[in-house]
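Welcome! Open the structure in your viewer and keep the selection tool at hand, and we will walk through it stop by stop.

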Amino acid sequence: MLCVGGAGTLFCAPGLRVVDSGVIPDAIMGGVKSLGEFYLNTLMKEKDIDWVFFSPAGTLEPGKRTGKFRLGKDDLIVDESGNSHISVEDYAVAMVDELESPKHHYERFTIGY
């Protein structure tokens with residue numbers, strides 16, 4: 001099961017998750033917290049279903065398909081300027097790659113430039 005998640009539970013500094021960093025607008029905080037709680041409290045305990053939770057970069061927006069991105073596990077991926085971003089097109093490529101050739105099992109992974 002591939003679950004498309006959010007970046008809220010990713011670590012942006014040692015011991016600090018994005019959701020606790022103060023950068024998420026109040027207008028979407030309810031959704032961010034509930035999705036994060038599902039990942040932390042439900043999926044991470046699931047042992048009967050082979051699952052993966054795919055967290056995007058901090059900013060996910062339309063752009064170009066470059067095929068040049070980095071994958072990670074639990075830490076927010078940032079570029080040389082400290083920005084965390086990925087195009088929808090590259091996010092989709094990585095998601096389909098994972099579906100066709102699974103490399104992650106019972107874990108989360110993330111993407112960024």
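Keep in mind on this tour that the model is predicted. Begin by selecting Leu-99 and Glu-100: these exposed residues sit on the face of helix H2 that is turned away from its buried side.

Now widen the selection to the whole of H2, residues 88-100. The helix has 13 residues and reaches 18 Å from its first C-alpha to its last, close to the 18 Å expected at 1.5 Å a residue.

Which residues of H2 are buried? Select Asp-90, Tyr-91, Val-93, Ala-94 and Glu-98 to see them. Turn the view until you look down the axis of H2: its buried residues fall within an arc of 160°, so they line one face of the helix.

Four strands form an open sheet in the order S1-S4-S8-S6, and their pairing is mixed. At its edges are S1 (2-4) and S6 (70-72), each of which pairs on one side only. From one strand to the next, the twist averages 25°.

For the last stop, zoom in on S6 together with S8, residues 107-112. The two strands run antiparallel and are joined by three bridges. To find a bridge, select Gly-72, whose partner in S8 is Thr-110.

Technical notes: Residues numbered from 1 in each chain as written. Predicted model: local features only at pLDDT ≥ 70, side-chain atom pairs only at ≥ 80, totals over all residues. Heavy atoms only, no water. Pairing = 2+ DSSP bridges. Axes fitted to C-alpha atoms, helices over the stretch in contact; angles between N-to-C directions. Expected span 1.5 Å × (residues − 1). Buried < 20%, exposed > 50% of the residue type's maximum accessible area, 1.4 Å probe, protein only. Arc of directions from axis to C-beta.
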